[in-house]
Amino acid sequence: MKVAVMTDSTAYISDSLKDKHNIHVVPLSVMFENTTYRESIDITTNEFYQKVKESESLPKTSQPSIGAVADKFEELAKDYDAVIAIHLSSGISGTYQTVVSGGEMAKGIEVYPFDSELSAMAQGFYVLEAAEMAEAGKAPEEIMHRLEEIKQSIRAYFMVDDLSHLQRGGRLNGAQAIVGSLLQVKPVLHFFDKKIVPFEKIRTRKKALNRIIGMLEDDAKQGKNLKVAFIHANDEQGAIDLKNSMDSMYPNIDSTISYFGPVIGTHLGEGAIGVSWYKK
Ligand code: MYR
């Protein structure tokens with residue numbers, strides 16, 4: 001049985017990894033005024049952050065259309081028997097639901113939708129594991145089982161420089177009553193029940209980062225082999241510094257640098273930083 005792996009653009013898998021592992025991607029889009037750009041096709045991440053600085057109004061985002069998803073399944077059906085479709089959290093985007101609906105209508109291919117309940121490289125981790133398993137000839141059920149297993153150990157914490165982006169886009173949950181006070185601090189954020197909620201209220205960026213790194217260290221100190229991603233919104237050096245300091249202390253972590261591209265960058269704003277890890 002030939003199994004394809006599909007995700008959406010918010011996993012921010014590099015072109016080289018996409019090519020190497022044959023990963024198929026449906027793009028989400030950002031809109032500046034009346035112009036729509038499919039991320040990583042019509043606009044690069046650098047162009048996006050530059051445009052945000054120059055543009056008078058802030059961008060908006062949109063999920064892929066059902067037509068785009070149906071077209072992708074039709075294309076995949078020519079070469080594959082099944083597809084594992086891994087997407088950003090259904091609590092922050094309608095993408096997953098659109099893929100579920102597209103999958104019910106798809107002909108000639110069995111669709112296995114998976115809600116990562118996260119996004120960015122945390123979602124990417126699932127995609128890369130699935131792709132390696134598909135390459136090794138594993139059955140879709142076995143791959144889905146491994147994805148559920150990863151869900152038990154995966155962690156993702158992040159912080160933003162300016163909470164107003166999340167608030168404006170309506171993606172900050174469970175904190176409406178305290179948003180005013182949150183705007184004065186740098187809360188550590190995470191996903192709970194598929195939605196973004198504050199994990200802890202912290203006063204400064206440095207302390208918030210230390211808190212996130214402290215949680216990673218708690219797991220790393222147990223000697224577990226961890227896959228780690230340091231994810232940045234146009235602050236690559238910040239992510240590299242974190243990676244270097246963790247790599248030098250913990251030989252049991254296998255870490256990578258990733259980024260928040262246009263769609264996620266719209267909701268987090270420049271300067272956001274995230275760390276995600278799971279047990280390999
Ligand atoms: C859409 O328009 O459907 C896309 C909405 C995307 C919302 C993104 C919210 C921020 C996600 C942060 C992920 C951090 C993972 C470490």
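How far is an oxygen atom of the ligand from an N or O atom in the side chain of serine 93? The distance is 2.7 Å. That pair falls under the cut-off for a polar contact, a pair of N or O atoms within 3.5 Å. Threonine 61 also reaches the ligand: a polar side-chain atom of this residue lies 2.6 Å from a ligand oxygen.

The model is predicted, so local features need pLDDT of at least 70, side-chain atom pairs count only at pLDDT 80 or more, and totals for chains, interfaces and linings use all residues. Residues are numbered from 1 along each chain as its sequence is written, and side-chain values use heavy atoms, leaving out hydrogens and water.

Now the domains. The chain is divided into domain 1 (3-28 + 63-152) and domain 2 (155-279); such bounds come from an automatic or database domain assignment. Their centres, taken over C-alpha atoms, are 24 Å apart. In domain 1, 21 residues are in contact with 22 residues of domain 2, where contact means heavy atoms within 4.5 Å.

Next, the ligand shell. The ligand is surrounded by 16 residues, counted as near if one of their heavy atoms lies within 4 Å. The closest are Thr61, Ile92, Ser93, Arg171 and His267. Taken alone, the ligand exposes 500 Å², and the protein buries 98% of that (Shrake-Rupley method, 1.4 Å probe). Strand S5 (60-62) and helix H11 (262-268) are the elements that give two or more residues to the shell. H11 supplies the largest share, 4 residues. Helices (H or I, at least four residues) and strands (E, at least two) are DSSP runs, numbered from the N terminus.

Finally, a hairpin. Strands S9 (residues 188-192) and S10 (residues 195-200) run antiparallel, joined by 5 bridges; pairing requires at least two bridges in DSSP. Phenylalanine 191 stands opposite isoleucine 196 in S10. Between the strands are 2 residues, and aspartate 193 in this hairpin takes a positive phi near 55°.

Key. Polar contact = N/O pair within 3.5 Å; in protein donor to acceptor, adjacent residues only side chain to side chain.
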